[in-house]
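Subject: Handover of a structure

Dear colleague,

I am passing the structure below to you for your work. Please look through it first, and then read the notes that come after it.

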Amino acid sequence: MVVAAACALPGVFLVLRKMSMMSDAISHAILPGIVIGFFATGDLGSPILIAGAALTGVLTVALVEMISSTRLIKEDAAIGIVFPALFSIGVILIARYAGDVHLDVDAVLLGELAFAPFDRFIVAGHDIGPRSLYLMSGVLVVNVLFIVIFFKELKVATFDAGLAAALGLMPALLHYLLMALVSVTAVGAFDAVGSILVVALMVGPPSAAYLLTDRLSVMLALSAVIGAVSAVLGYWFAHLLDASIGGAMATMVGVAFFFTWLLAPEKGYVARQRRRRRQRWTFATKMLTVHLLSHEGLPEAAEECREDHLTDHLRWEPAFASQAVRVALAGGLVSRRGPLLELTDAGRKHASRAVVEI
Amino acid sequence: MNHAVEVRDLTVAYRERPVLWDIDLNVPEGVLMAIVGPNGAGKTTLIKAVLGLVKPAAGEILIYGRSFESQQRRVGYVPQRGSVDWDFPTNVLDVVTMGLYGRLGWFRRPGRNERASALQALEKVGMADFADRQISQLSGGQQQRVFLARALVQDADVYFMDEPFQGVDATTERAIIALLRELRSAGKTVVVVHHDLQTVPEYFDEVLLLNVRRLASGQVDEVFTEENLRKTYGGRVGFVGALAGTAGSAGTVGAAGRAGPKGPGGLSGLTTKGTGPG
């Protein structure tokens, strides 16, 4: 839960900067940093590991930017070149020198959250809880602080880096700080959910939140909440099925995004379809009233304003025509007189407004 | 006369390819200046170099006689409308408030005063009713006005605007030019990347004709001539004769008998189209 919230916050800025795939790259490419840090300290919980990972993360971003700035290949291809290279260095290092320790490839890919509680944090002989909980809480606090303190700067640098630079707000520095933060978060989350699922937690909740709000601050809060809720649901889901916890969490993030996409009040699929249907009928009644208006009171009205005439002259399908008439009648825009349709006052206004709009 | 902007021997290159080649330019204080030139002429790059957004290979840029860094607060910037993501989750007022972030400095947050001056700027560009509007719901002209409002709150002395007239309707264009004139009468200097040659004599006092090198610069009625335009645009300007009526200098006049710059029809070719990296 803490992991998910911690991932979602910097994830928001990645999504808004159209750098979602960078989270994939960073979460993989930090592996050699972790491995080398591990060799240096012999301790998986050492802060050196985090520093090493943060450095490799920033290095990844720098390499990607260097390669894409040559303009020989595009940024997505540059990402595809850099992170597998770094990741495979990490994998080779593990396979070659660390075959007998707790770092193995499965754990790297998928994490092992189930065992995290057994890795206790012992201070002065007292067991004060799972170590990774402390680590991730620390990361979460750092993320929250960073975003709260630099909220304004991050916002302008993300929306309009040119302006931020012209205002002297150093967007490049902020960019690398953010990337370092993403790396640190990824290391923390790595232990819990592995390097693939980190991506799900960094990109999924912010994307869902993006569909739900038009405000950056709300988007940040929502994505943390969505991430946390998915994590809890995923945990129980995994418990029920006796499956991988990390996998279940990522699945839940996917499910959460799917429902948001479907049901979001403004940008969701259902809402868009409904709006489109409404617009279609609004437009149909407009056409109908304009048609009636232009023939109103003229000799041909007896012919033009008949309901069955609509299918001939407007080339409407009969079902569509009768539905349009029903909508217009219900809206009080037209009234029936025998076979003829007549505009009401409201209908006349409606039509003349429609004409003016054009 | 004091110069708002002085550019000396400015060269900008992407690797070994020069984008701007030894540019010298003086922008007098209190004028509206247009930068014109074909696509890829380096117009945007020139602005970005002045603002320190691209690093020059050589040369010096002075704002009111001093370096840009020391004069940052006196410079306002309106980037191309298309340079940002208008789906970003924020509203109009918030975007305008961003113009004040520089003055606020690090860590401090915008408060009521900032809100008030942002609203005032929106009022000036006729967008006050849109303050709470989501930016993705704006038309092109409205987006442009939001950007202008954001530059206005900066309360700068010299403004750089990258194609503010690009893709806006006639109403917005009139609103923008009225605003530029207001800025000028308040003693501000405005440098505008412009694409519509036809309106240069009407809108601007000074003009820079740019195509990697500086072809000419100075007062519009002296340097905005057929000859100079031909030099700037190469052989591609078959229509410059039409400018005869407006370019005041003698001896550079081409085909006579055409209408003035605002004459109906026949002049549509005067607008160069497209944006390009500039």
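This is a predicted model: local features need pLDDT of at least 70, side-chain atom pairs count only at pLDDT 80 or more; totals for chains, interfaces and linings use all residues.

Chain B

The secondary structure of chain B consists of 10 helices and nine strands. The chain has 278 residues, and 54% of them are buried. Its accessible surface is about 11900 Å², with carbon and sulfur atoms accounting for 46% of that area. Among the contacts in chain B with a separation of 6 or more, 68% are between residues 24 or more positions apart.

The interface with chain A

Chain B brings 32 residues to the contact, and chain A brings 30 residues. Between them, the two chains bury about 2700 Å², and carbon and sulfur atoms give 63% of this area. On the side of chain B, B:F88, B:P89 and B:W106 together supply 27% of the area buried against chain A, more than any other three residues.

Two salt bridges are found across the interface of chain B and chain A. One of them joins the side chains of A:D160 and B:R150, with an N to O distance of 2.8 Å. Three helices of chain B, α3 (92-97), α4 (101-104) and α6 (140-153), each supply at least two residues of the side that touches chain A. The largest share, three residues, comes from α4(B). Sorted by class, that side of chain B has 16 nonpolar, eight polar and eight charged residues.

A:D214 belongs to the chain A part of this picture. The residue is located in the loop between α10 (171-212) and α11 (216-241) of chain A. Leaving aside residues up to four places away in sequence, A:D214 touches A:K267 in its own chain, and B:P89, B:T90 and B:Q134 in chain B. The side chains of A:D214 and A:K267 are joined by a polar contact of 3.4 Å. A:D214 has a relative accessible area of 27%, so it counts as partly exposed.

A buried threonine in chain B

B:T189 is part of strand β7 (residues 189-193) of chain B. This residue counts as buried because its relative accessibility is 0%. Beyond residues up to four places away in sequence, B:T189 touches a number of others, including B:A4, B:Y64, B:D157, B:V158 and B:Y159. The stretch B:V27, B:P28, B:E29, B:G30 and B:V31 is also among the residues that B:T189 touches. Within that stretch, the backbone nitrogen of B:G30 lies 2.9 Å from a polar atom of the B:T189 side chain.

Two residues with positive phi

Two further residues of chain B may be of interest for their backbone angles. B:D9, which is not a glycine, has a positive phi near 50 degrees. The residue is found in strand β1 (residues 3-14) of chain B. Its relative accessibility is 39%, and B:D9 therefore counts as partly exposed.

B:V212 also has a positive phi, of about 65 degrees, without being a glycine. Its place is the loop between β8 (206-211) and β9 (213-219) of chain B. Because its relative accessibility is 22%, B:V212 counts as partly exposed.

With kind regards

Terms used
Residues are numbered from 1 along each chain as its sequence is written. Chains are lettered from A and ligands numbered from 1 in the order in which they are written. Side-chain values use heavy atoms; hydrogens and water are left out. Helices (H or I, at least four residues) and strands (E, at least two) are DSSP runs, numbered from the N terminus. Buried means under 20% relative accessible area, exposed over 50%, partly exposed in between (1.4 Å probe, protein chains only). Contact means heavy atoms within 4.5 Å. Accessible areas come from the Shrake-Rupley method with a 1.4 Å probe; for residues, only the protein chains shown count as cover. Buried area is the accessible area (1.4 Å probe) that two parts lose on being put together, summed over both. A salt bridge is a side-chain nitrogen of Lys or Arg within 4 Å of a carboxyl oxygen of Asp or Glu. Ala, Val, Leu, Ile, Met, Phe, Trp, Tyr, Cys and Pro count as nonpolar, Asp, Glu, Lys and Arg as charged, and the others, Gly among them, as polar. A polar contact is a pair of N or O atoms within 3.5 Å; within protein, one must be able to donate a hydrogen and the other to accept it, and residues adjacent in sequence count only if both atoms are side-chain atoms.
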